[in-house]
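User: I am new to protein models. Can you show me how to read pockets, strands and cavities?

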Amino acid sequence: MSVDSSLDRRKDSQTDTGNGNDNGVITPSLSSISTHRLRLNPNTDHKPDSYDDLQLGFSPLLFSSLERYLPPSMLNMPRDAKVQYLTDILLRYSPEGERTRVQRHREYRQKIIVNYQPLHRELYTMNASNFFLPSFLKAISENTEESFRSIMSEPTPGVYTFEMLQPRFCDLLLSEVENFEKWVHDTKFRIMRPNTMNKYGAVLDDFGLETMLDKLMEDFVRPMSRVFFHEVGGSTLDSHHGFIVEYGMDRDVALGFHVDDSEVSLNVCLGKQFSGGELFFRGVRCDKHVNTESQSEEILDYSHVPGRAVFHRGRHRHGARPTTSGHRINLLLWCRRYFKYIITTNFKKEN
C-alpha cells in the first residue's frame, strides 16, 4: 500500500500580507525586524489580548498564542505595538516566497468577499446553540475527558466519532455553498480548490467564514484535542484550513490513501443522499514508515452519517472509497500549530 504525499494545505488560505491599505490592515515596519525575538518558554500566567476585531495578515488566534512568548517588557504594551512586533516576526520567519503568496491570496480573497453576497448571514458568526446538538454542547461545557467520551465512540485507536451538527445547520451550510458555487459559475470567477487532490469543493475561509471557523477550532475542537491529541500539540492549535469537499459520479469519486497536512482533523458529513464513500483508516506512522502494512486493530471502514463527526490526527493514514451513487458533501477543518514553526525557526536562526 502506497501513501500519497500529504494533502498540501493552502498556506495562503490562512495568511494575508503585512502591507497596509485603506481597509485598516495593520502595516508592519520592516526596518527593525532584525531586533525582534521571542522567548523560548511562554508566560503561562499572562492573559493575551483578543485580536478578532482586527484585519490581520495572519490568524487572530496565532497572535494570541504568540503573545505569551513576547519579552516581558512587551507583555503590557499597547495592543498595536504587539501586533507590529509579532507581525514583523511572522514575516521574518515565513518560508521564502511566502510574503508574495500571502499578498496574492489576500487580494484574491478580498475580491471574493467584496463581490459575493452571502445567502445565510447567520452562518458567519458562531451561534453554538443553533449549530450544534445539545449532547455535544453539554460535553464541551463540562470539558472533561469523561464528558467527551460519553458522546464518542472509538472504533479504532485514535479515531473518534460523535454526533455534532444540527440538521438545520447542515442544510444552511449546504445552501450557502451552493449559492457560492452559483456565483462562481455566473461570474466565471476562478476559485482555488481545497487542496491538491480534491478537484471539487470550496475553501470556506475564502468567502468569509474564517472567523466562525476560528471559533469552532478554538472553543470546540481545541478542548477535545487537548485531551485526545496532546502529544501533537492539541492544546495549542492556532490556525486552520476550513473547506468543503464534494463526491459523486460527476464530482470527485474517491480519494487516495494519504495523510492530512494538519495536526488534528475534523471531518463532518453534511449530506446529501449517497451510497458508498466510506472512509478507511490504517493507523498512524512516521514519515519513514508511512508505507508499512497495517495491524488488524488499525483497520477501520467508516460509513458517513450526516451531522456525525470523525476526529483524528492528521497523520492517521486514511482515504475515501468511491461514492457509487448520489452526492456526498463533507465539512473539513484541518487544525494546525503554526506558532510551533515560528518558535522553532526563531531559535534555529538566532542561536
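User: Which helices each supply at least two residues of the lining of the second largest pocket?

Analyst: This is a predicted model, so keep that in mind throughout. Helix 1 (60-67) and helix 8 (210-228) each supply at least two lining residues. Helix 1 gives the most, with four residues. The pocket has a volume of about 400 Å³. It is lined by 20 residues, and the closest to its centre are Pro48, Ser64, Ser65, Arg68 and Arg222.

User: How many residues of each class are in the lining of the second largest pocket?

Analyst: Seven are nonpolar, six are polar and seven are charged.

User: Which strands each supply at least two residues of the lining of the largest cavity?

Analyst: Strand 4, strand 5 (255-258), strand 11 (316-320) and strand 12 do. Strand 12 gives the most, with four residues. By class, the lining of this largest cavity has nine nonpolar, seven polar and two charged residues.

User: And what lines the second largest cavity?

Analyst: About 50 Å³ of space lies in the second largest cavity. Its lining includes Phe131, Phe132, Met164 and Leu331. Helix 7 (167-187) and helix 8 each supply at least two residues. Helix 8 gives the most, with three. The class count is plain: 10 nonpolar, no polar and no charged residues. Helix 8 turns up in the second largest pocket too, where it supplies at least two lining residues.

User: Back to strand 4. Is strand 4 enclosed or open?

Analyst: Check burial residue by residue. Buried means under 20% relative accessible area. In strand 4 (residues 239-248), 10 of the 10 residues are buried, so the strand is largely enclosed by the rest of the structure.

User: Which residues point which way from strand 4?

Analyst: Ser239, His241, Phe243, Val245 and Tyr247 point one way. His240, Gly242, Ile244, Glu246 and Gly248 point the other way. Both sets are buried.

User: Which strands are joined to strand 4 by bridges?

Analyst: Take strand 3 (residues 202-203) to begin with. Two bridges join strand 3 to strand 4, and the pair runs antiparallel. Ala202 stands opposite Ile244. Next comes strand 12 (residues 323-336), joined to strand 4 by 10 bridges and also antiparallel. There His240 stands opposite Cys335.

User: Which residues of helix 2 are buried?

Analyst: Among them are Lys82, Val83, Tyr85, Leu86, Ile89 and Leu90. An α-helix has 3.6 residues a turn, so residues three or four places apart point the same way.

User: One last case. Where is Thr144 found, and is Thr144 buried or partly exposed?

Analyst: Thr144 is in the loop between helix 5 (134-142) and helix 6 (145-151). Its relative accessibility is 34%, so Thr144 counts as partly exposed. Now compare sequence with space. Thr144 and Met224 are 80 residues apart in sequence, and their C-alpha atoms are 8.5 Å apart in space.

Conventions: Residues numbered from 1 in each chain as written. Predicted model: local features only at pLDDT ≥ 70, side-chain atom pairs only at ≥ 80, totals over all residues. Heavy atoms only, no water. 1 Å grid on protein atoms, 1.4 Å probe; cavity = no way out; pocket = protein on both sides within 12 Å on 5 of 7 lines; lining within 4 Å. Points joined across faces, edges and corners; volume = space filled by probe spheres on them. Nonpolar A, V, L, I, M, F, W, Y, C, P; charged D, E, K, R; others polar. Buried < 20%, exposed > 50% of the residue type's maximum accessible area, 1.4 Å probe, protein only. Pairing = 2+ DSSP bridges.
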